[in-house]
Amino acid sequence: MKILVAGASGALGRPLITRLRGAGHDVWGLAHRPESLVAIEQLGASSVKGNALDRESVFAVVERIRPDVVIDQLTSLPASPFDLPTRLPADRRLRLEGGGHLFEAARMYQVRRYIQQSCGFYLDGGTGLATEASSLRINAPGTIGESSRMYAALEKRVSGVPSIEGVGLRYGFFYGPGTWYWSDGAFSRHLARGEVSLIGSGRSRFSFIHVDDAAQATVAALTAPAGLYNVVDSQPTRMSEWLSAYADWIGCDAPPHIDEAEAFHRMGEESLYYQNSLTGACNRKAVQVLGLSPRRLPWLEK
Ligand SMILES: NC(=O)c1ccc[n+]([C@@H]2O[C@H](COP(=O)([O-])OP(=O)(O)OC[C@H]3O[C@@H](n4cnc5c(N)ncnc54)[C@H](OP(=O)(O)O)[C@@H]3O)[C@@H](O)[C@H]2O)c1
C-alpha cells in the first residue's frame, strides 16, 4: 500500500515508519524541518517536505503522491508536559487547521482511508473504564477540556465523510523513547527534581501505551474495519500507585503529597481533576481486532 504519514518524525512517527516498511509498504513521511527529513529517509521511507499549515503545499504533496492511506500524527507539543498550557494553541491549530488541509486534500484525491491520532486518556468511563462508546471530557476544566474538544472535533471530522474510511486511534499516554515518560524523558526530570506532587488520593486511572505498541496497532488499522479504537495498555493504574513506582523505577524519592484543598488553592481545579478524575480506558476491541498485545509498564515490573 502507498501510505503518507504526516508527523512522521515524531515520537510515534519513527517506530511507525519502521513497522510500515517492515510490512512492505511504500511509505512517504511528511515533515518540515530538514533534520526530520533526513531521519525519515534513514528509517527507509521517502521524505516529503511540507508545512501542514500551508494549504497549497499540502494539496501539492497529496496530488503528487496519491496515497491509498493517510496517517495523521501531526502534533506540536512541547519538550516538557509542564509547558503544555502555552503550547496548546499552536498544537490545536496544527491539528485542526493543518490536519484539516490534509483531510480535505485526501478527500479531493480519493484517498481510501484516513487514520487520525486521537486520545485515550481524556475519555469519560463513568464508574468504569472508557470504551469506544465513551465520550471525550469536553466539559473538563482548563487544558483537559480544551484538548478533549479538539480531539472530539478530529474524531467527528474523520468519521463524517462517506467516501473516506475514517479510523480514529485513541492512544493512551505515550511512553518509550522520545516521549515524556521514559528514563531520560521530561517527566522523569521533573520528578527527580521534586517538581511533581501527588494530589489528594491520586484516584485517576492512567492508560499508557508504548510508542512501539501504538505503531503495531496503527499498522493493523490499515486493514481493520473503520471506526474508533482505544489503543491503550492492559494496566490502567491509579496515579497513587504508578507515580511512586515510577519514581522508584528512575531511582528517585517518592513525590511529596499535597491535600486536595491546598492543591486547589495553589494549582487550581485542573491539577486536582487530572490526578483524581480520569478513568482509564478498555483495550478489548483493539486487542481483538488490531491484535494489540501491549507490553507491561516497566515501572510496575519490580
Ligand atoms: N498520546 C500521547 O500521550 C501523545 C501524543 C502525541 C504526543 N505526545 C508527546 O508529545 C511529545 C512530543 O511528541 P512528538 O515527538 O510526536 O512531537 P514532535 O517531535 O514535535 O513531532 C510532531 C510531528 O509533526 C510534524 N510537524 C509539526 N509541525 C508541522 C507542520 N507545520 N507541518 C508538517 N509537519 C509538522 C513534525 O515534523 P518536524 O519534525 O519536521 O517538526 C513531527 O514529525 C512527546 O513526549 C510525545 O510523547 C504524547
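Q: At what angle do H4 and helix H5 pack, and how far apart are their axes?
A: This structure is a predicted model. Two packed helices are described by the angle between their axes and the distance between the axes. For H4 and helix H5, which spans residues 142–159, the angle is about 5 degrees and the axes lie 11 Å apart.

Q: Is H4 roughly parallel or roughly antiparallel to H5?
A: Angles under 35 degrees count as roughly parallel, and those over 145 as roughly antiparallel. H4 and H5 pack at about 5 degrees. Therefore the arrangement of H4 relative to H5 is roughly parallel.

Q: How many nonpolar, polar and charged residues does the contact of H4 with H5 have?
A: On the H4 side, the residues that meet H5 include Leu84, Leu88, Arg92 and Phe103. Their partners in H5 include Glu146, Met150, Leu154 and Arg157. By class, the contact of H4 with H5 has eight nonpolar, three polar and four charged residues.

Q: Which residues come nearest to the ligand?
A: The shell around the ligand has 27 residues. Those that come nearest are Gly10, Ala11, Ala31, Ser36 and Thr179.

Q: Which elements give two or more residues to the shell around the ligand?
A: The residues of this shell divide into 14 nonpolar, twelve polar and one charged. The elements that give two or more residues to it are strand S2 (26–31), helix H4 (84–108) and strand S7 (173–175).

Q: Which residues have the most contacts inside the largest nonpolar core?
A: In soluble globular proteins, nonpolar side chains tend to be buried together. The largest nonpolar core here has 81 residues. The residues with the most contacts inside the core are Val5 and Val231.

Q: Is tryptophan 180 buried or exposed?
A: Tryptophan 180 lies in the loop between S7 and helix H6 (186–192). A residue is buried if 20 or more other C-beta atoms lie within 10 Å of its own. Because tryptophan 180 has 21 other C-beta atoms within 10 Å, its class is buried.

Q: Is alanine 79 buried or exposed?
A: Alanine 79 lies in the loop between strand S4 (69–72) and H4. Because alanine 79 has 10 C-beta neighbours inside 10 Å, its class is exposed.

Q: What distance separates the C-alpha atoms of alanine 79 and glycine 185?
A: Alanine 79 and glycine 185 are 106 residues apart along the chain. The separation of their C-alpha atoms is 8.7 Å.

Conventions
Residues numbered from 1 in each chain as written. Predicted model: local features only at pLDDT ≥ 70, side-chain atom pairs only at ≥ 80, totals over all residues. Near = placed C-beta within 6 Å. Helix = DSSP H or I, 4+ residues; strand = E, 2+ residues; numbered from the N terminus. Nonpolar A, V, L, I, M, F, W, Y, C, P; charged D, E, K, R; others polar. Core = buried A, V, L, I, M, F, W, Y, C linked by C-beta atoms within 7 Å. Buried ≥ 20, exposed ≤ 12 C-beta atoms within 10 Å, placed from the backbone. Axes fitted to C-alpha atoms, helices over the stretch in contact; angles between N-to-C directions. Parallel < 35°, antiparallel > 145°, perpendicular 65-115°, else oblique. Contact = placed C-beta atoms within 7 Å.
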